[in-house]
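Trainee: Good morning. Could we go through this structure together, step by step?
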Amino acid sequence: MTVQIFLSRDAASVAVGADDVAAVLAREAERRGIAIELIRTGSRGLCWLEPLVEVATPAGRVAYGPVSAADVASLLDSIAGSGDHPLRQGLTAEIPWLKRQTRFTFARCGVIDPRSIDDYRSHGGLVGLEAALSIGPEAVLDRVVQSGLRGRGGAGFPTGIKWKTVAQAAGPQKYIVCNADEGDSGTFADRMLMEGDPFLLIEGMAIAGIAVGATRGFIYIRSEYPHAIAALNAATASARRAGVLGQSVAGSKYAFDLEVRVGAGAYVCGEETALLESLEGRRGQVRAKPPLPAHRGLFGAPTVINNMLSLAAIPFIIAEGPKAYADVGFGRSRGTMPIQIAGNVKHGGLFEAAFGLTLGEIVDDIGGGTLSGRPVRAVQVGGPLGAYFPRQLFDTPFDYEAFAARDGLIGHGGVVVFDDRVDMAAQARFALEFCAIESCGKCTPCRIGSTRGVETVDRIRGRHDVTANVALLQDLCQTMKLGSLCALGGFTPYPVMSALKYFPEDFGVAAVHSDAAE
Amino acid sequence: MDVVDARTAASHRSQGERWDEARALEIITEIKALDGATLPILHALQEAFGYVPEEAVALVAAQLNLSRADVYGVISFYHDFRRHPAGRHVVKLCGAEACQSMGGAELASCAERKLGIRMGETTADGRVTLEPVYCLGLCAVAPSAMVDGKLVGRLDETSVETLLAGLEA
């Protein structure tokens, strides 16, 4: 009898030895005369258990992890015998960390073979596209509006409104652009989904194309994601062969096709207008708005530019109906958010849940505290432009408005945990240094302010005229916040000001009045 | 290399062919019909030659009907494009926040000490180029690195030293 074994090919799994495990599995199984079928899936998102090996049993898949190449021999012996093993985690579906989640977008990730469109179809894939074709563009737009879906890149703009704007715009050629330039540290949801369920993104983009009347799409993926690029290239070719993409999408009157394009290491290209510049072949410099990309976007044409996670949420919304999506959530943040728990944390990984979990639940309960075992001191939420929150703000619910009310942002859903050894003045310096490195140079507050900010923090850390330099830093942050063209210069003050406000002792001051920055 | 590969290849190769204008022209010709072909062309040239040679600037400009300043501006804007060949091995250590929280800065210092160079430099024998990268998306298995295009996570000083020592001359 052939034993089905599942092992992730996700970049994070490969980075901690999954390919070695696969090679030894094949070799040792052959040596033992055990017939195995090894299926390389995406990741379940339980990153601390990677490489996670799952074995099919009549009761369901049983998980073992973290499995190293050295564990494979004993693992195979146990599979052939009682199934007991020190690394056994029980039935995968019953692992509490997974069971507590609400997986709308990541339902198939880690389950199916991401290279097989048949596997995708047999696990509920393409149902949303078929529904979209039968109800037509108007009804699709209505469903997206009713779902309450907001842009998952961080800005939280209602996706349905954006789509309607493009649908109403006139133009011989319209575009769907997927922003997969996931540059925020602490985020990896786009990468995981592209590697683990790439057809979902293709389906979401095809639905978007039908809804707004666009026939061409681009997926802009950062070059730091070679596995995701390979996965999307393979999936796009496969979708074309299967007739999902092309002159007649799934046999309909609608045409839609897409291309994968690769970034070149510029963080600012995650900003939508810089991304469009880059796609057009220029320096990734931010455009002033208006005009909005919905009116004049890629190559001057009406363009839907959405974050990868927004597009990937669409098939569920169309297939299951907007109510099923909007029924979960918190306040104006409807649906689910794939929260990425990272950094110095015991149980790091991807946790998709309805909005509204508190930061404390995410860090202490789900994340299990720090990996180092030391106390949590600060948590940066929302990437390099997100605020650092101390423990006293752990009651903040994960929701766009709740974080904004406390001078923070949820961004793309990344949560990075730091223990008590962190120097928050050094983190503030890094935020400004990163802004200086990545600034596109178009506007002065960002281009010059970031460098002056680094110098000012250096003076504070060197204890030169601390009071005056702290006041100068606050003033500079205020200028950057209000005067920058995009979120890079405009949000860099969040990590800086939060570090100063909540951890003033690291800057050599007793307390900081933050009124100037509000 | 077919067109699909050429426009989506990220340039992770550190070693390339010798500069050859006919070969470069062939690469450009194959891709230039794409909308917004500049980045795909530069990626493909770097994939072939290991960097974007000075000679390529005028060639790309002429083929795309751009000024040389336009092309130079694109090359200099993006961190990925090299104007000089890299070492025979390229080690990119993640310097972003998630890796910082797991001792990324200490790992960077360790690599600098071990190689006797600073971040952004290449060893005198041309063996290794050490560079920072800002996020590989391996934030839950931090700290991480990309070595000659291959990803590694859960690094510590011992594994970094082993990894660097294992890079062939």
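Predicted model: local features only at pLDDT ≥ 70, side-chain atom pairs only at ≥ 80, totals over all residues.

Trainee: Let us begin with chain B. How many helices and strands does chain B have?
Mentor: Chain B has eight helices and four strands. In sequence order they follow the pattern α-α-α-α-α-β-α-α-β-β-β-α. The C-alpha trace of chain B spans about 50 × 35 × 30 Å along its principal axes.

Trainee: How many residues of chain A are in contact with chain B?
Mentor: On the chain A side there are 63 residues, and they are in contact with 41 residues of chain B. The area buried between the two chains is about 3900 Å². Carbon and sulfur atoms give 58% of that area.

Trainee: And what is the count of salt bridges between chain A and chain B?
Mentor: The count there is one salt bridge.

Trainee: Which residue forms a salt bridge with A:Arg216?
Mentor: The partner of A:Arg216 is B:Asp35, and their closest N and O atoms are 2.7 Å apart.

Trainee: How many salt bridges does the structure hold over all chains?
Mentor: Over all chains, the structure holds 40 salt bridges. One of chain A's pairs is A:Arg240 with A:Asp257, with an N to O distance of 3.1 Å.

Trainee: Now a change of topic: helix packing. What describes two packed helices?
Mentor: Two packed helices are described by the angle between their axes and by the distance between those axes. In chain A, helix H17 (residues 424-438) and helix H21 (residues 493-502) pack at about 165°, and their axes are 8 Å apart. H17(A) is therefore roughly antiparallel to H21(A).

Trainee: Is the crossing of H17(A) and H21(A) left-handed or right-handed?
Mentor: The crossing of these two helices is left-handed. H17(A) contributes A:Met424, A:Ala428, A:Ala431 and A:Leu432 to the contact, while H21(A) contributes A:Pro495, A:Val496 and A:Ala499. By class, the contact has seven nonpolar residues, with no polar and no charged ones.

Trainee: At what angle do H7 and H13 of chain A pack?
Mentor: Helix H7 (residues 137-147) and helix H13 (residues 308-320) of chain A pack at about 105°, with their axes 10 Å apart. H7(A) and H13(A) are therefore roughly perpendicular to each other.

Trainee: Which residues meet in that pair, H7(A) and H13(A)?
Mentor: From H7(A), A:Val140, A:Arg143, A:Val144 and A:Ser147 meet A:Ile314, A:Ile317 and A:Ile318 of H13(A). The residues of this contact divide into five nonpolar, one polar and one charged.

Trainee: Finally, the backbone. Which peptide bonds are cis?
Mentor: Most peptide bonds are trans. Among the cis ones here is the bond from A:Gly65 to A:Pro66, with omega near -10°. A:Pro66 lies in the loop between strand S4 (60-64) and helix H3 (72-80) of chain A. Another cis peptide bond joins B:Ala142 and B:Pro143, where omega is about -5°. B:Pro143 is placed in the loop between strand S2 (128-133) and strand S3 (145-147) of chain B.

Trainee: And what is the phi of A:Ala250?
Mentor: A:Ala250 has a positive phi of about 50°, although it is not a glycine. Most residues other than glycine have a negative phi. A:Ala250 is found in the loop between H11 and S8 of chain A.

Technical notes. Residues numbered from 1 in each chain as written. Chains lettered and ligands numbered in written order. Heavy atoms only, no water. Axes fitted to C-alpha atoms, helices over the stretch in contact; angles between N-to-C directions. Parallel < 35°, antiparallel > 145°, perpendicular 65-115°, else oblique. Left-handed = near helix turned anticlockwise from the far one by under 90°. Contact = heavy atoms within 4.5 Å. Nonpolar A, V, L, I, M, F, W, Y, C, P; charged D, E, K, R; others polar. Buried area = accessible area lost by both parts, 1.4 Å probe. Salt bridge = Lys/Arg side-chain N within 4 Å of Asp/Glu carboxyl O.
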